[in-house]
Amino acid sequence: MSEEGRNAEEARYRALLELDPSSAGARETLVAGLHDESWRVRRAAAEGLTRVPEREVVVERLISVLGERDETGARNAAAESLAGMGLAAVEPLVRLLGHADPDQRKFAADILGQLKLAEAEEALVKAMLEDVDLNVRVAAAEALGHVGGKVAARALERTLHDPEPLLQLSALESLALLRHPPPLPELVRLLGNPMLKRSAYRVLGLIPQVAATELVCRGLGAESRSTREAALVALGTQAGLSEPSQRTEMDAAVRLALKRLPEAVGWVASALESDDLELRAGALVAAAALREPQLAPLVAEVAQEERLVPEVMRTLAHFGPETGRELLASMDRLSFPAREVAGLVLVEMVDATYVPELVQMLDWGELDLKAVAVQGLGRTRSLEAVEPLAQLLDHPELAGPAVRALVTLAGSFPKQVAQALESALERGAEPVVLSALVRVGGTAMLPLVRRTAREGSVALRATAVEVLAAVEPSGGLELARVALEDESSRVRAAAVRVLGQVGDARMSGLLKRALADEALEVRLAALEAVGECGAVEQVAELESLVRHEDGAIAFRAVRSLARLGSLRDEVLRSAVSHGDHEVVKAALLAGAASAEGVSLAVGLLGHANWDVRAAAARILGASGGRECLPATRAALAAETDALARRALVDAVERLSGR
Amino acid sequence: MPFDTGKPEMTAEEFRLLRDFVYGHCGILVRDDMKFVMQRRLWPRLEALGLADFSAYYRYLRFDAQRRAELETAIEALTTHETYFFREPRQLKAFSEEVLPQLERRNARTKRLRIWSAGCSSGEEAYTVAMLLKDSGRFEGWDVEVHGTDISRRVLVAARAGEYGPSALRATPPDKIARYFIHVGPNRVRVRDDVRAWVTFGHHNLQEPDSGQIGSRMDVVFCRNVMIYFDTPARQRVLRLIYDKLVPGGYLLLGHSENLINLSADFELVHLRSDLVYRKPEGGL
């Protein structure tokens, strides 16, 4: 197309996009657009027509365009537009199914399929069974795969016995779409038909039984690539539908079948690289059965498709220890998603012999690879792993994982790990090192902790206060009192947390001061601590904070009042009207055991947030009486959210049993 | 064989709460089928923070004093994605052979060129663009800036470092490796300084137009495979932002599976020999 032509096309396209569909004459302008030479313009016109008022008139107009036999582009665009018209198009299209011209009837069936509305089921079944034109019957059978319904499924099953192979094929494909497999013997018959074989395997995959798997395995041994691939697809579908216990049997059957096929590794590898998602899913099942380490990187690459990640991990976990080395060798060439899953699997497989490769991996640069190496080193149970991990303790992003790895290694080498941690701490390493040191070294490390609490950095001082309290509560409490005067809010917050965890109601005065601290971090810790240590003297303060606009403050106030057993009905009512839905849920939970709480839960079944409605339903299921049943049933009838519905169904069941 | 034993599973309710919260913050939509991905990427955070389950993590994100920092970490974990040098060669060919000559003519007077790599991740795309500019031989002596932005601060650190392993180079022709990289280790290369001199990086949340420092108007915006993270309203916001940042006649290059149908009528579709690209109309403000 010339530059001029493109500009003219662009102008027509933009004119249609900018056209107000409710303006006078818009309908006919858009209908004219359906006849444009450019598909973009036709598409814009089709989309515009779905927004024109008086849908009935538009639908009839579009149906008239369907009758323009020489205007292929316009007819297709009209069909596209009709498919976007929803219920308004069903009845006219059902009428069109009775048109004298089979071409029109076929169009009607196709569009009804795209509309996917149950209202068309009966008419399409009739067309599939009774129309005199084969193309119309096939189109109706295909449409039923999208429309669904019990009558449709039964009719499609019957159609599998029709003498027309094309119709059988459409019926089979539709049954696959509806995930409604016919009985197994029926499928066995179809597996022998070259034309239907592929679809029959697809439907076979919908039957998660070993008998079906064994039939699929026969297909894996077929000479024809398309049959093998159809069988692989069936395997993938079966795997997705099977219970874990069925999977074991299924894997055994597949393994037995593939062992007899020496060339299987090659075609499974090629299926793993296919663009077809279903084929890749099946290839994973086959790869898990083959357990060939050389397939591992290809299996890992399937993780680029997010939906298949759980199956990829499951498959890799089935491979033997040699797989770990195969993955390790290819780690830096894998795509990011593949590396991610390979890393998770790899760390489960390492042993002491992996240390050199893992240490080498620490030099590879990418942080995610280093993190895998660190985690892997921790699981090698090798003394050789301690030193390289110790060197990472000063690295801000890797110190945490390195500490966790060292703590794992400390199970075998406590002295060496403690030494490594201590020396890192002397170099001023991350606070996480201090916690680990006490975990590994025990009470012998307390003098060091005390010294750190006095002299360390802000982060280390804060950690020291909490670490000491965890090991020696009375000493920790004493240190916390001192730390409450620290100039850093982080240290003061840590001290407050200690007061909550190991203190008692006598800490009330200290906590009162903390509740008024200038730093939000300290106030939040104090709100939690009041509840934890039973400082009932602060109830009035907490009650006033329940109404605080900051959800973080109100949430903690509610929880602490509940812990103190001091949540009065009036305060509860105030909390459930808070603007933050987490505060409302915390209040619901806190009031669950009281009559007032149950009564509030009934009211909250109509809350704007789905999670609050679900929480209210759960409270009623646990604590409500039979008198709550009508309100809960009414809420269920009105509920559109799936998760809230689930909670309401459960509540109705439980309340009905009371 | 269940693989991840011992780690908390994310319930459907936890997934919804976390997903909605993340969406509310930055418009990133975690699809329903990505629950497992979300769970896998956030497990390390639960471990690092010592939290028992995802409900506790959700409350941490909502109510802890460190919530802002943690939210950034969570977003980083959820948006880390695949990227490599010279990705989508057909589009890059169109860019090199058709867009760049036009930009050379158009900006000949100012000798200034601005290109934005939006959602640049660890920098491969921004450096690829700079290498193509070098390859063209048209812009030596010009004031050139390729500006890479991303919501993740961690990937920006990697982008600035400009060091990569074999995975990032898997689509890079050997002659380009020889010309634009130096070997810094057995399996590591670094982008040469003359390329790096044209590239800058900065933090930017595409859902918050004022969050980054993109002062200049851009001649080209690469926004490839970024909008997959957003739902329709969020995509429309991003497109509005890009429109505003483009000069009239400036180009928008999307990923090969992305288009603007039903998203924006602001851009015009341009049929280049090698590819279709979008352009802000010359008369656009």
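The contact between the two chains takes 54 residues from chain A and 44 residues from chain B, contact meaning heavy atoms within 4.5 Å. The model is predicted, so local features need pLDDT of at least 70 and side-chain atom pairs count only at pLDDT 80 or more, whereas totals for chains, interfaces and linings use all residues. Residues are numbered from 1 along each chain as its sequence is written, chains are lettered from A in the order in which they are written, and side-chain values use heavy atoms, with hydrogens and water left out.

About 4,200 Å² is buried between chain A and chain B, and carbon and sulfur atoms give 54% of this area; buried area is the accessible area (1.4 Å probe) that two parts lose on being put together, summed over both. Of the area that chain A buries against chain B, 13% is supplied by A:Glu306, A:Phe336 and A:Trp610, more than any other three residues. Eight salt bridges are found across the interface, a salt bridge being a side-chain nitrogen of Lys or Arg within 4 Å of a carboxyl oxygen of Asp or Glu. In one salt bridge, between A:Asp641 and B:Arg16, the closest N and O atoms are 2.5 Å apart. On the side of chain A that touches chain B, helix H22 (residues 336-349) of chain A gives the most, with seven residues. Helices (H or I, at least four residues) and strands (E, at least two) are DSSP runs, numbered from the N terminus.

Within chain A, the buried residues of H24(A) are A:Leu369, A:Lys370, A:Val372, A:Ala373, A:Val374, A:Gly376, A:Leu377 and A:Gly378. Buried means under 20% relative accessible area, exposed over 50%, and partly exposed in between (1.4 Å probe, protein chains only). What covers these residues of H24(A) includes H22, helix H23 (355-361), helix H25 (386-390) and helix H26 (399-410) of chain A. A:Thr227, in helix H15 (residues 225-241) of chain A, counts as buried at 7% relative accessibility. Its side chain is joined to that of A:Ser224 by a polar contact of 2.8 Å.

Over all chains, the count of salt bridges comes to 73. A:Arg461 and A:Asp486 form one of 2.9 Å, N to O. A:Arg461 lies in helix H30 (residues 458-471) of chain A and A:Asp486 in the loop between helix H31 (473-483) and helix H32 (489-502) of chain A, so the pair ties together parts that are 25 residues apart in sequence. Both A:Arg461 and A:Asp486 are buried.

In chain B, the side chains of B:Arg138 and B:Glu104 meet in a salt bridge of 2.7 Å, N to O. This pair links distant parts of the chain, 34 residues apart: B:Arg138 is in the loop between helix H6 (124-136) and strand S2 (143-150) of chain B, and B:Glu104 is in helix H5 (residues 89-106) of chain B. B:Arg138 is partly exposed at 29% relative accessibility, and B:Glu104 is partly exposed with a relative accessible area of 26%.

Conventions
Polar contact = N/O pair within 3.5 Å; in protein donor to acceptor, adjacent residues only side chain to side chain.
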